[in-house]
Amino acid sequence: MADRAVRVDKFLTAARFFKTRAIAAQAISAGKVEVNGVRAKPAKSLTVGDRLRVRKGPYEFLVTVRLLSDRRGPPATAVALYQEDPAGKAIREKLAHQLRIAPTPTFEGRGRPTKRDRRELDRLRDDDGD
């Protein structure tokens, strides 16, 4: 555990938002992480009490830093590093539920015709020429 400050990319890896520090740095550079309402850079220092907004896929995490660590540990330790905003958690769970019940995309038959389709088209063309 660190005492004073930890880089944002190291903290996000330790808190298990991202699997590696490189992936965390890439997400931060892409603008998917804000610290206290300001877009962050990977080397930005975090202190206890900072508020993070992390967008990961369709989900958004709103968290407050409780403890600092630059080492990735077990999930139980990672959860203790931050406190999630209850309103943000409720919104994320609602979105997850909506995505679960949403219909899955299906093949609509567009694209290249099959051999059977081509034969039917040829048969229709031959019938028109009589």
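This is a predicted model: local features need pLDDT of at least 70, side-chain atom pairs count only at pLDDT 80 or more; totals for chains, interfaces and linings use all residues.
Residues are numbered from 1 along each chain as its sequence is written, and side-chain values use heavy atoms, with hydrogens and water left out.

I begin with the core. A nonpolar core here is a set of buried Ala, Val, Leu, Ile, Met, Phe, Trp, Tyr and Cys residues joined through side-chain atoms within 4.5 Å; buried means under 20% relative accessible area, with a 1.4 Å probe and protein chains only. The largest such core has 23 residues, and Phe11, Leu12, Phe17, Leu46, Leu52 and Val54 have the most contacts inside it. At least two core residues come from each of helix H1 (8-14), helix H2 (21-29), strand S2 (33-35), strand S5 (51-56) and strand S6 (59-65). H1 gives the most, four residues. Helices (H or I, at least four residues) and strands (E, at least two) are DSSP runs, numbered from the N terminus. In soluble globular proteins, nonpolar side chains tend to be buried together.

Consider Val54 next. Contact means heavy atoms within 4.5 Å. Beyond its neighbours within four places in sequence, Val54 touches Leu12, Phe17, Phe18, Lys32, Val33, Tyr59, Glu60 and Phe61.

How many aromatic pairs does a search of the whole structure find? There are two. Rings of Phe, Tyr and Trp (its six-membered ring) pair if their centres lie within 6.5 Å; planes under 30 degrees apart count as stacked, over 60 as edge-to-face and the rest as tilted. Phe17 and Phe61 are edge-to-face, because their centres are 5.4 Å apart and their planes are at 70°. Phe17 is in the loop between H1 and H2 and Phe61 in strand S6, so this pair ties together parts 44 residues apart in sequence. Phe17 and Tyr82 form a tilted pair, 5.0 Å centre to centre with 40° between the planes. Since Tyr82 lies in strand S7 (residues 82-84), that pair ties together parts 65 residues apart in sequence. Phe17 and Phe61 are buried, as is Tyr82, and the three residues form one aromatic cluster.

Finally, Thr13 lies in helix H1. Is Thr13 buried or exposed? Its relative accessibility is 10%, so Thr13 counts as buried. A polar atom of the Thr13 side chain lies 3.5 Å from the backbone nitrogen of Arg21. Lys56, in turn, lies over the face of Phe18, 5.5 Å from the ring centre (the criterion is NZ of Lys or CZ of Arg within 6 Å of the ring centre and within 35 degrees of the ring normal).

Key: Buried means under 20% relative accessible area, exposed over 50%, partly exposed in between (1.4 Å probe, protein chains only). A polar contact is a pair of N or O atoms within 3.5 Å; within protein, one must be able to donate a hydrogen and the other to accept it, and residues adjacent in sequence count only if both atoms are side-chain atoms.
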